[in-house]
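Please read it alongside the structure.

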Amino acid sequence: MENILDRLIVGKKNKAKIVLLPYTLLFPAVAVFLIFMFYPLFYTIYLSFLDWNMISPLKQFVGWKNYITLLYDPLMPVIIKNTLAYIVILLVLNCIAPYILAFILSFVIQRGRNFYKGAFFLPSVISLVVGSILYLWILNPVGGPIAIIADFVGITIPIWTKTQGMVIVVLSIITTWKIFGYNFIVVFGGVTGVPQEIIEAARMDNVPLHRIFWDIVLPLSSATGVYIFIMTIVQGLQYVFTPIKVVTQGGPDNASSNVIYNVYQEGFLLYHTGYASAFSLAAMLIFIGLLVIEFKYVEKGIYYEN
Amino acid sequence: MKISGNIKYHIVLIAALFISLMPIIFAISTSFKELSEAYSNVLGIIPIKPTLDNYLRAFNGLPLGRIIYNTFIVAAVVTIFKIGTSLLAAYAFVYFKFPGKNILYFLLISTIFIPFTITMIPNYLLVAQMGLRNNIIGVILPQLSDATGIFLIRQAMRLIPTSLIEAAQLEQASHLQILSGIVLPLIRPAVISTSIMFFINAWNEYVWPVLILKDTSNYTLPLALQLFISSEGGTDFSMAMAVAVITMIIPLGLYLVFQRYIINTFTSSGIKG
């Protein structure tokens, strides 16, 4: 009798423990997220309704004023134009280019696969500050190696840090140096998931390579494709902050600023805390849009992939 | 015909590789050149008069020992904490059914898409309030909220056959025993590569430390390197290259040792949740 009672109690205890256990396991992770991610997120929403300079004890509630200012900010069109330029260049270099290289490496030539994968990934582990300083020197218009080589053929390198348009291209290239390898590895994983037999059958029938790429490989690896498309934008726009900050500080005349850098400039250089918060929330709309796409398509698995 | 076709593609790949690896070789080479040679023998890969002078000057001019120590502590603490919490969280997500599971997972993974600008100002105020501005603990704290580890380790855990876990549960093994005795050995490659990437990313972190660190002696390596940058390219270029080499040597070394694990983990990381 006592024994059975004992067991019953133990059983009850165990049950309660089992229900609590997953929450206990999650607690440390969730705690840091609450403090350093979710609380700040809501605090930014609160700040976006204030007129404040981060230091003054005086915080003035101004309602939607910061959001209205956003609409009439003369910088806004410039920032949006620059951000779109960054997105387009980053997508070409880090989404389209890795796709083509991964296709070549998995179906056209197979020798040296591991070597190429390993070598392409290598710059991904290096700090973007290192990347920035390296490219500053390599592309230095006066006396840098590219300038010297270009000089032989009679080309002069423009002072790109001070040239509108050009500056975005070069900063995107620096960022590409960092993110290309990771994207390449992920795309390669998706592309090699396409069954080899289908490709071989198509090649037997002399289907041209670009058709194989468009009609077979691209649709069959579309989940990876969408994922890398989104990550290029999400990560790329944030990564490009580092070269902007260390090389141009958004200049010349905001020509290299983007939605991420502008928040930093408003918040930490101009101390428009409320406005910077409103701006960052508006910019997050882009990212939320991408998140919706991600969960709709990628997480559910697109088309045929697996 | 076929062979020449393939060579064409190898040339494309090698050219792409050349562009991405050349800067690294270039940095290493220049760090061993004398300052005058850095400007006169720009294209030479092997220094005419190799010298360690740049490294010595870097260590004399900056509290580099201290800076390397700071960088190491930040990277190590961030890595250990994130791996530990990610393992526990992933275990809960994979092996338990509990109310709120899906919504919680969704919320955590969504944070990967939140740009750092959203949390930057409140985190700055928070860290300042804690009196941790200009302190490496302040550098560490906000970096701990990162969901990529939970995602990657959950992916790996899901590949373990459930029959293994069920068998262990039949034998009354505790969850701690299952985690350490069955799960951990099977997902070792994913844990290793995730740890290495955590370490490397924290080592390279620039955005957050640059906001809160003020004194050079509290700097991490990327901040120290930034001291050498101006939009004209800087003045003491060969010394800057020495600091650049010091900054990248640890990540590069770790990558070269654990390359196989890292490539495999990330090859399969993109596909599905």
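How many contacts beyond four places in sequence does the model have for residues 302-306 of chain A, where pLDDT stays under 50? The number is 14 for that stretch. This is a predicted model, and the predictor gives the complex an ipTM of 0.90 and a pTM of 0.90.

**Confidence in chain A**
- Chain A has a mean pLDDT of 86, with 91% of its residues at 70 or more.
- Among the elements of chain A, the lowest mean pLDDT, 77, belongs to helix 1 (residues 2-47) of chain A, and the highest, 94, to helix 12 (residues 259-269) of chain A.
- Over residues 1-13 of chain A pLDDT also stays under 50, and the model has zero contacts beyond four places in sequence for them.
- Where pLDDT is low, the predicted coordinates should not be read in detail.

**Confidence in chain B**
- For chain B the mean pLDDT is 88, and 94% of its residues reach 70 or more.
- Helix 2 (residues 35-40) of chain B has the lowest confidence in the chain, with a mean of 79, while helix 4 (residues 64-95) of chain B has the highest, at 96.

**Positive phi in chain A**
- Most residues other than glycine have a negative phi.
- Met54(A) has a positive phi, near 80°, and lies in the loop between strand 1 (50-51) and strand 2 (60-61) of chain A.
- Met54(A) has 17 other C-beta atoms within 10 Å, so Met54(A) is partly exposed.
- Asp253(A) has a positive phi, near 55°, and sits in the loop between helix 11 (241-248) and helix 12 of chain A.
- Asp253(A) is exposed because 10 other C-beta atoms lie within 10 Å, and the cut-off for exposed is 12 or fewer.

Methods:
Residues are numbered from 1 along each chain as its sequence is written. Chains are lettered from A and ligands numbered from 1 in the order in which they are written. This is a predicted model: local features need pLDDT of at least 70, side-chain atom pairs count only at pLDDT 80 or more; totals for chains, interfaces and linings use all residues. pLDDT is the predictor's confidence in each residue, from 0 to 100. Helices (H or I, at least four residues) and strands (E, at least two) are DSSP runs, numbered from the N terminus. Two residues are in contact if their C-beta atoms, placed from the backbone, lie within 7 Å. A residue is buried if 20 or more other C-beta atoms lie within 10 Å of its own, exposed if 12 or fewer, and partly exposed in between; C-beta atoms are placed from the backbone.
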